[in-house]
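Me: I am new to this structure. Please walk me through it in short questions and answers.

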Amino acid sequence: INANDNSSSTDNSVSTGGGSNNPCASYTITGGTTTREGSFDGTNCTYDSAFVGEANPLTQDVIIPFITGAHIFNDVLQVGTNVSAGAAPAGGTGPVLTVEAGVTLAFADDDYLLVNRGSQIVAVGSPSRPITITGFSDAVTGTADQFDVSLWGGVVINGNGITSQCDDAARTNDNCHQLSEGKPSNFGGDDNAESSGRLEYVVVKHTGFEAAPGDELN
């Protein structure tokens, strides 16, 4: 028996995540063929240090797509490369991390989200679909108390704006590199018109850790 398919339907679906059955964020290394993507367990997406980490920052644009579960990061979600000497990347020249509305990002222990100079984060939620950035025990296991703190590090955004901690000579000579709190990263420059991105309807919960005595993210 020969059955002819005379259907006129069209599949207009678009994949913004990993492989055909993997909705997690993914990217292909610039100039290569290696694709890195999160691991999907049917509910949550998990990202290891090979995807992004303190020693492996994102150097290209990445989109974190909406899923009903959480996007779990087992290392620092670092956008762009930190520069501590010489000219820092100009605003808008680094990679962009886009977080879709309704997304939940979850971090463990002292991991955190860091946006370095030149890079941007675009996280635009809505009143009905806010973006939540929180700890693993809050988003995944549900064991966090509403008043718990120090479940993860927090959000650090470093820019090229003018700071009183640098003088005019330092700014003119590209030598304004002030240390932010928490783990070492640098901010400062001579560009008050720079934008590090956009945050709207974003909830940040249960933050704070001590990187060293007297040096902490709150």
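**Charges, rings and strands**

Me: How many salt bridges does the count come to?
Reply: This is a predicted model, in which local features need pLDDT of at least 70, side-chain atom pairs count only at pLDDT 80 or more, and totals for chains, interfaces and linings use all residues. Residues are numbered from 1 along each chain as its sequence is written, and side-chain values use heavy atoms, leaving out hydrogens and water. A salt bridge puts a side-chain nitrogen of Lys or Arg within 4 Å of a carboxyl oxygen of Asp or Glu. By that rule, the count of salt bridges is 5.

Me: How many residues apart are E54 and K183?
Reply: Their side chains meet in a salt bridge, at 3.6 Å from N to O. Strands are DSSP runs of E, at least two residues, and helices are runs of H or I, at least four, both numbered from the N terminus. E54 sits in the loop between β4 and β5 (62-64), K183 in the loop between β14 (178-179) and β15 (186-187). The pair links distant parts of the chain, and the separation is 129 residues.

Me: Which residue forms a salt bridge with K183, the closest N and O atoms being 3.4 Å apart?
Reply: This partner of K183 lies in the loop between β9 (104-107) and β10 (113-115), so the bridge ties together parts 73 residues apart in sequence. The residue is D110.

Me: Is D110 buried, exposed or partly exposed?
Reply: Buried means under 20% relative accessible area, exposed means over 50%, and partly exposed is in between, using a 1.4 Å probe and protein chains only. D110 has 31% relative accessibility, so this residue counts as partly exposed.

Me: Which residues do salt bridges that share partners join into one network?
Reply: K183 pairs with E54 and also with D110. Through these shared partners, the network takes in E54, D110 and K183.

Me: How many aromatic pairs are there?
Reply: Rings of Phe, Tyr and Trp (its six-membered ring) pair if their centres lie within 6.5 Å; planes under 30 degrees apart count as stacked, over 60 as edge-to-face and the rest as tilted. The count of aromatic pairs is 6.

Me: What kind of pair do Y27 and F51 form?
Reply: Y27 belongs to strand β1 (residues 26-28), while F51 is in the loop between β4 and β5, 24 residues away. Both are buried. Their rings lie 5.0 Å apart, centre to centre, with 70 degrees between the planes, and the pair is edge-to-face.

Me: What is the pair of Y47 and F51?
Reply: Y47 is buried, and so is F51. Their ring centres are 4.7 Å apart and their planes stand at 50 degrees, so this pair is tilted.

Me: Which residues form one aromatic cluster?
Reply: Y27, Y47 and F51 have already come up as ring partners. The cluster as a whole is Y27, Y47, F51, F73, F107 and W152.

Me: Which are the edge strands of the sheet?
Reply: Two strands pair if DSSP finds at least two bridges between them. The open sheet has 6 strands in the order β3-β4-β6-β9-β12-β17, with mixed pairing. The edge strands each pair on one side only: β3 (39-40) and β17 (202-204).

Me: In β4, which residue is the bridge partner of S39?
Reply: β3 and β4 (residues 45-47) run antiparallel, joined by 2 bridges. There, S39 has as its bridge partner T46.

Me: Which residue in β12 is the bridge partner of F107?
Reply: β9 is covered on both faces, with T104 and A106 on one side and L105 and F107 on the other, all buried. It pairs in the parallel sense with β6 (residues 71-73) over 3 bridges, where F73 stands opposite F107. With β12 (residues 131-135), β9 pairs in the parallel sense over 4 bridges. The partner of F107 in β12 is G135.
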